Amino acid sequence: MRLLLFALDDVDRVFDHRDVAEWPPGSLTTAERLGLVRSASGGLTAACPHCEDRHVEIVAKRAGPDGHDRLWIYCPEDLRVEVTPEMCRGWQVHPQGSAAAVASALSFTATPVAIVPDRLWRLGRIPWQGKTREILLARRLQDSDAASVAAHVGAGGRSVVLVPHHVPDDRTWPGRVPATISLSRIASIADGQFVLDGAALLSMVTEADEVAEQRSLLPTDPEVKKRIVRQQVKAEIKGHLQDDVLVAARKTFGSTRKAAAELTKQLGRPVSKDQVQRAIDRSGGLEALIDQDDSGSVDRRVASQSRDRAKKISQRR
Ligand SMILES: [Zn+2]
């Protein structure tokens with residue numbers, strides 16, 4: 001099982017007749033029946049039965065002395081080595097069939113939907129604390145293009161991603177890291193069936209959620225998450241200078257350049273004259289502001305906003 005899962009995380013791994021001869025009796029038939037492996041596609045090749053390194057060569061067909069066709073491969077040691085048709089067969093993991101086997105082990109009846117062909121499948125949803133969570137299967141997430149596959153999972157961190165063996169680096173994911181569970185820890189073949197240890201899966205997902213929770217400011221619960229996002233957005237808006245402060249500064253200091261310089265000095269962070277100008281434009285332009293005369297309040301307002309920010313920063317710390 002582990003060997004097949006490792007191969008599922010690999011590219012074009014082919015098992016030849018000598019590999020499968022070392023597998024437990026009957027396991028190849030079982031794996032084929034469960035859809036986990038299939039005959040290797042591609043040209044007729046065979047591994048050299050004589051050499052230690054088992055070099056793989058293209059098979060040539062030639063008539064033997066008796067007139068019947070024989071199969072040969074070229075060998076640098078023995079020049080020409082005869083192989084049997086059985087030796088020319090290879091098996092490889094069947095990604096779509098494996099996805100179907102995983103889905104059926106989770107009691108999903110629908111055929112897995114490939115989101116990224118041969119790489120990512122949507123298997124179904126499981127009930128989770130009164131709601132549901134999507135289960136996906138992804139393979140080869142250690143490859144250099146893994147981020148483009150992971151991008152289809154979504155940034156919410158609610159999904160459960162099953163991988164054959166290799167759990168990718170957290171940076172592979174676009175947003176919050178989803179619970180990523182290695183099948184090599186929970187999959188087995190029992191009584192000729194592909195099975196997953198459901199209890200182990202649930203506890204691993206819970207554990208992964210806890211780890212993600214600790215690492216992230218955003219909890220998994222969508223309602224709590226929305227509330228925290230709103231709070232963050234509000235804090236962010238407060239952090240920006242309000243238009244009335246910018247406009248008042250312009251009136252007090254006589255030009256956008258001087259207003260920007262003075263605000264920069266008082267707030268201890270850069271404020272550009274463009275920012276001041278945009279605030280004036282939003283307030284209806286300089287003409288509209290001339291009649292109003294409340295310039296005296298600017299120093300107090302700037303100073304108090306500066307103090308508020310200092311307080312907020314110390315609270316965050
Ligand atoms: Zn050889």
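Guide: Let's start with Arg38, whose bridge partner in S8 is Gln92. Numbering starts from 1 along each chain as its sequence is written. Keep in mind that this is a predicted model, where local features need pLDDT of at least 70 and side-chain atom pairs count only at pLDDT 80 or more, while totals for chains, interfaces and linings use all residues. Helices (H or I, at least four residues) and strands (E, at least two) are DSSP runs, numbered from the N terminus.

S2 and S8 run antiparallel and are joined by three bridges; two strands pair if DSSP finds at least two bridges between them. Zooming out a step, there's an open sheet of three strands, ordered S1-S8-S2, with antiparallel pairing. S1 (14–16) and S2 (37–39) sit at its edges with a single partner strand each, so one side of each has no neighbour in the sheet. On average, neighbouring strands here are turned by 35° against each other, direction ignored.

Now follow S8 (90–93) to helix H4: the helix's buried residues pack against S8, and also against H1 (2–8), S10 (120–128), S11 (131–138), S12 (160–163) and S15 (193–196). Contact here means C-beta atoms, placed from the backbone, within 7 Å. H4 spans residues 95–105 and is mostly covered, with eight of its 11 residues buried (20 or more other C-beta atoms within 10 Å of the residue's own; 12 or fewer is exposed, in between is partly exposed, and C-beta atoms are placed from the backbone). The buried set is Pro95, Ser98, Ala99, Ala100, Ala101, Val102, Ala103 and Ala105. After H4 comes Ser107, with a positive phi near 65°.

That leads us to another open sheet, five strands in the order S9-S10-S11-S12-S13 with mixed pairing. S9 (113–116) and S13 (179–182) are its edge strands, each pairing on one side only. From one strand to the next, the twist averages 35°. H4 packs on this sheet, touching S10, S11 and S12, and its direction makes about 5° with that of S10. For angles, axes are lines fitted to C-alpha atoms (for helices, over the stretch in contact), and values run from 0 to 180 degrees between N-to-C directions.

Inside the sheet, S11 and S12 run parallel, joined by three bridges, and Leu137 stands opposite Leu162 in S12. One more helix to find: H6 (residues 198–215) lies across S12 and S13, running at about 140° to S13.

Technical notes:
Contact = placed C-beta atoms within 7 Å.
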